[in-house]
Amino acid sequence: MDQQPVIETQNLTKRYGTTTAVDNLTFSIAQGEIFGFLGPNGSGKTTTLLMLLGLTEATSGTATVAGFNPTKEAIKVKRIVGYIPENIGFYEDMNGVENLRFIARLNHIPDTASTAKIDEALERVGLKDDATKKVAAFSRGMRQRLAIAEILIKEPKIAFLDEPTLGLDPEGTTLIIDYIKALSREHNITILLSSHDLQQVQRIADRIGIMLHGKMIAEGPLEKLAHEKLGVEDKEISLDDVYMKYFQEVTS
Amino acid sequence: MNGIRAIVRKELADHFSSYRFIILFALIAMVSLITTYMVGMGLKEELSGVAKPSFVFLMLFTSTGPLFSLVQFVAFFGPLIGLVLGFDSINRERSAGTLSKLASQPIYRDAIINGKFLSGVVTIAIMLVSILLVVTGLGLALIGVVPGVEELWRLIIYLIISIFYIAFWLGISILFSIIFRGIATSALATLAIWIFFSFFISMGATVVANAVVPLDQTNQGNPQVVLKHLRVQRVVSLISPMQLYNDATAIIIDPTRKTTRSFVLMGPLERLSSARFARPLDLFQSIYVVIPHIISLIAITVICFGVSYTVFMRQEIRSM
């Protein structure tokens, strides 16, 4: 993973009035990496993602995504970044195929090319049989899988996934995490994954970043963090323990 | 541009398959057909055995018949078309969570609002053109008079003014859908605006006129004061886009009308001339009379859309 960073931030800061949502954030993610982005609700993860995507302007500091400035070259960034927002929405009275077709059109993929792609993507996420059902009838797990299909259609270089497993049953969570792993391994997509499901993050993340009050309080591969905080080297370390340890330290 | 095209395509599909569009269209088609039929039958009866006056065809649209004329109906009901098509355009996407997804696609942010507005205008245009064609066809069959070239031009101009007028209301409703998070709130707000301009502006005009130029026992006989009173009342009522539209279309569609002002407000020579020269105005003269109205109408439509555009572009994406 010693490749050049595809995402880089320098002292990235976002203030809303007097509250600082993101505070002097400096980190980088290498090409092809799965970066587990952890932290309690309201710690600034989503704000960071929005700034990297050019949807929110940073108060100060800089960010670079694949060599582009998200504020000034938002369109270029959005072209190569796939984003699954928290609580992703779909057009309820359109079916799965129509929803994906719309995304394809917005990404300048002509209908002749997208038809096969949509089929393939739906097959990949196991929604082929439900493709012509209206999304209103989809379960939460099916919606998240449809969101993954959107990423497959778009074929981005980078994917920002904001809580893609929120509210899913364990089986659904495992399924989504497996798809995310496949995105990374088969399509070589760099992934920034924000989640509260520590076990699952541990399973697939190459590196972990823990955010609290807008600051990155820890960053690195799990083994390194475990070594620093718990002083353990064995293979049985769990991300839960490491995570809790960091919090105890900061809050005490 | 690709982004706008994709959005317009989707929005049009949404509009034409939605129940609200079907209901609106059915309602308007029904009322138009009934009105035209009644007016047409009346005209046919009156015209039998009489030399046909000029511009008979346009009378299909302007004669009130037993209820109201088609032009009056569009003036009153048209706003509702615009409002119904737009009141939930942005806030529905926001509450469904599709707006942030849309904004993260490689399109300019204004493509979203431009696409919404454009598709609404296209829907309105298709609606009005088809209604006008149906009415024209029915009128042809009923009174057996073929419209002349000038009559057709007047109808086309009437159509364009009507599209702008309804687009103004569409702009208002899209603005409300941006400002108000709740869909029910924006629906109520648009209705309130519509009711205000339809019913209360004339009351308001009377109140303002009474306040500025009070009429009482002592000066009621004084024509100067009465005139001033009426002038104030008229200026206030012109705030309403409905009044602008009514005046503009009345002149365009009825060549025998020469001024938007009422008889009382005319100058003495103007009265003389309108009494002596009873010939209808030609098309360019008619347009000339109401060009200020038409320009104002287009201007408020553009301003209204401009405000929606600015508010939308400045909104924090976070709150989307």
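**How the parts meet**

Modeller: Happy to! Chain A has a domain assignment of domain 1 (5–218) and domain 2 (221–252). Please keep in mind that this is a predicted model.

Biologist: How far apart do the C-alpha centres of domain 1 and domain 2 of chain A lie?

Modeller: The two domains do touch, with 11 residues of domain 1 of chain A and nine residues of domain 2 of chain A in the contact. Their C-alpha centres are separated by 26 Å.

Biologist: Which element gives the largest share of the side of domain 1 of chain A that touches domain 2 of chain A?

Modeller: At least two residues each come from α7 (198–204), β9 (207–212) and β10 (215–220) of chain A. On that side, eight residues are nonpolar, one is polar and two are charged. The largest share, four residues, belongs to β9(A).

Biologist: How do α5(A) and α6(A) run relative to each other?

Modeller: Helix α5 (residues 140–154) and helix α6 (residues 170–187) of chain A pack with axes 10 Å apart, at an angle of about 5 degrees. Angles under 35 degrees count as roughly parallel. The two helices, α5(A) and α6(A), are therefore roughly parallel.

Conventions. Residues are numbered from 1 along each chain as its sequence is written. Chains are lettered from A and ligands numbered from 1 in the order in which they are written. This is a predicted model: local features need pLDDT of at least 70, side-chain atom pairs count only at pLDDT 80 or more; totals for chains, interfaces and linings use all residues. Domain bounds come from an automatic or database domain assignment. Two residues are in contact if their C-beta atoms, placed from the backbone, lie within 7 Å. Ala, Val, Leu, Ile, Met, Phe, Trp, Tyr, Cys and Pro count as nonpolar, Asp, Glu, Lys and Arg as charged, and the others, Gly among them, as polar. Axes are lines fitted to C-alpha atoms, for helices over the stretch in contact, and angles run from 0 to 180 degrees between N-to-C directions. Angles under 35 degrees count as roughly parallel, over 145 as roughly antiparallel, 65 to 115 as roughly perpendicular and the rest as oblique.
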